[in-house]
Amino acid sequence: MEWNISSKTVLITGATSGIGKATLMDLAKSGANVIFTARDVNKAEAVLKEAKELSKNENIEFFEVDLSSFKSISDFLTRFKEKFHNLDILINNAGTWNMKLTLTDDGIEKTFMVNYLAPFYITHSLLPLLFENIPSRIINVSSAMHKGGKINLDNLELKNHYNGIQSYSNSKLMILMFTIELAKRLKDKGVYVFAVHPGLVRTGLFSNFPKPLRDLFLMGAKTPEQGAQTSIYLSKAKDIEYLTGSYFVDSKPTDYLYVADNEELRRKLWDKTIEYIKKYIKDFEPLV
Ligand SMILES: NC(=O)c1ccc[n+]([C@@H]2O[C@H](COP(=O)([O-])OP(=O)(O)OC[C@H]3O[C@@H](n4cnc5c(N)ncnc54)[C@H](OP(=O)(O)O)[C@@H]3O)[C@@H](O)[C@H]2O)c1
């Protein structure tokens, strides 16, 4: 199938640092029309300037959004949809890792919100734009840490006995299960969905770790440019549509935790997630 990145419109969440920034730089150099999100406008301005200079591509812009706030996401979606009416690639890249229990202004555990509820909500809201440009793609940045994840539908936020490693792992399992379930629901509809583990990458993700633990954890870690390769591959590769719903490591479909194949659990998680979102976004109605 013909797939030329230079004619594509791409939205990347969290491209002010790390893997997202490296993905942005590469896709901008390839001539794509790249939009990224940022919570810090100063950082975003600097990245925008660097990206335009490096790529000689003027079709790059950013939108401010704090992915830990439903209000902020909702405002962003309104502004984005006013300006863009179609989209080829959505890369749900932004992520956080909180070692201590941190609640958002909405009172939701932050890792769960940023890594899972936010991409779920954004993806559903932008599906009409992705339908406009079929074949289109959604790339969800998960992690090999999903293998330590557990889904307890009555305790998704771990608020009572918080454990930062468990919370992060759970969020990455949830985004993987979302990927598989969404791919299934979008079968034959022209929107293809992939999950990624970028590898262990030296980025700001570990800034909440105590320093000795961070140094130990990051021994032998990849650079952000190396870590971005699988997201870049999935953005550019031709003829990968038949692999929709797959989990990619080093640009290859790879086995994931067996729990993610539990269709009943995936559906229950999906329904529970919609319940969560509806508490904050009253008119939220998923298309699939
Ligand atoms: N690094 C690894 O070893 C590794 C391994 C597996 C998976 N991952 C995943 O890779 C993705 C990218 O992470 P990274 O390693 O590149 O880390 P990073 O350098 O910390 O980048 C994370 C990005 O997300 C943004 N972000 C975080 N919280 C946000 C919020 N509340 N609202 C808006 N934006 C927010 C950050 O913005 P700021 O610049 O303002 O902080 C940044 O742009 C994440 O999903 C992560 O879980 C990373």
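1. Let's start with one histidine. His124 has a relative accessibility of 4%, and because buried means under 20%, His124 counts as buried. You'll find His124 in helix H4, which covers residues 110–132. What is His124 in contact with, once its neighbours within four places in sequence are set aside? The partners are Phe178, Trp270, Phe284, Pro286, Leu287 and Val288. Do keep in mind while you look around that this is a predicted model.

2. Now the sheet. It is an open one made of 8 strands, with mixed pairing, and the order to trace on screen is S3-S2-S1-S4-S5-S6-S7-S8. Strand S3 (60–64) and strand S8 (252–254) are the edge strands; each has a single partner strand, so one side of each has no neighbour in the sheet. On average, neighbouring strands here are turned by 25° against each other, if you ignore direction.

3. S3 pairs with strand S2 (residues 33–38) in the parallel sense, over 5 bridges.

4. Is S5 enclosed or open to the outside? Since 6 of its 6 residues are buried, S5 is largely enclosed by the rest of the structure. In a regular strand, side chains alternate between the two faces of the sheet. You can check that pattern here: Ser136, Ile138 and Asn140 point one way from S5, while Arg137, Ile139 and Val141 point the other way, and all are buried. S5 pairs with strand S4 (residues 89–92) in the parallel sense over 4 bridges. Within that pairing, Asn92 has Asn140 of S5 as its bridge partner.

5. The peptide bond that runs from Ile134 to Pro135 is cis, with omega near 0°.

6. Next, charges. Side chains of opposite charge can pair when their charged atoms come close. How many salt bridges does a search of the whole structure find? The count is 17. One of them joins Lys71 and Asp75, with 2.7 Å between the closest N and O atoms. These two sit 4 residues apart in helix H3 (residues 70–83), so about one helical turn separates them. Lys71 is exposed, at 55% relative accessible area, and Asp75 is partly exposed, at 33%.

7. Helix H9 (residues 263–280) has a pair like this too: Lys268 and Glu264 are 4 residues apart, so about one helical turn lies between them. Their closest N and O atoms are 3.1 Å apart in a salt bridge. Here Lys268 is partly exposed at 43%, and Glu264 is exposed at 53%. Salt bridges with shared partners also join Glu181, Arg185 and Arg266 into one network.

8. Lys222 and Asp250 meet through their side chains, at 3.3 Å from N to O. This pair links distant parts of the chain, 28 residues apart: Lys222 is in the loop between helix H6 (211–217) and helix H7 (224–227), and Asp250 is in the loop between strand S7 (247–249) and S8. Lys222 is partly exposed, with a relative accessible area of 23%.

9. Which of the 30 residues around the ligand come nearest? They are Thr16, Lys43, Tyr168, Val201 and Thr203. An N or O atom in the Thr16 side chain is 2.6 Å from an oxygen atom of the ligand. For Tyr168, a polar side-chain atom lies 2.6 Å from a ligand oxygen atom. Gly95 takes part through its backbone, with an N or O atom 3.4 Å from an oxygen atom of the ligand.

10. Last, two backbone angles to check. Lys56 has phi near 60°, a positive value in a residue other than glycine. Lys56 is in the loop between H2 and S3, and it is exposed at 70% relative accessible area. Ser251 also isn't glycine, and its phi is positive, near 65°. Ser251 is placed in the loop between S7 and S8, where it counts as partly exposed at 22% relative accessibility.

Notes:
Residues are numbered from 1 along each chain as its sequence is written. This is a predicted model: local features need pLDDT of at least 70, side-chain atom pairs count only at pLDDT 80 or more; totals for chains, interfaces and linings use all residues. Side-chain values use heavy atoms; hydrogens and water are left out. Two strands pair if DSSP finds at least two bridges between them. Axes are lines fitted to C-alpha atoms, for helices over the stretch in contact, and angles run from 0 to 180 degrees between N-to-C directions. Buried means under 20% relative accessible area, exposed over 50%, partly exposed in between (1.4 Å probe, protein chains only). Contact means heavy atoms within 4.5 Å. A salt bridge is a side-chain nitrogen of Lys or Arg within 4 Å of a carboxyl oxygen of Asp or Glu. A residue is near a molecule or strand if one of its heavy atoms lies within 4 Å of it. A polar contact is a pair of N or O atoms within 3.5 Å; within protein, one must be able to donate a hydrogen and the other to accept it, and residues adjacent in sequence count only if both atoms are side-chain atoms.
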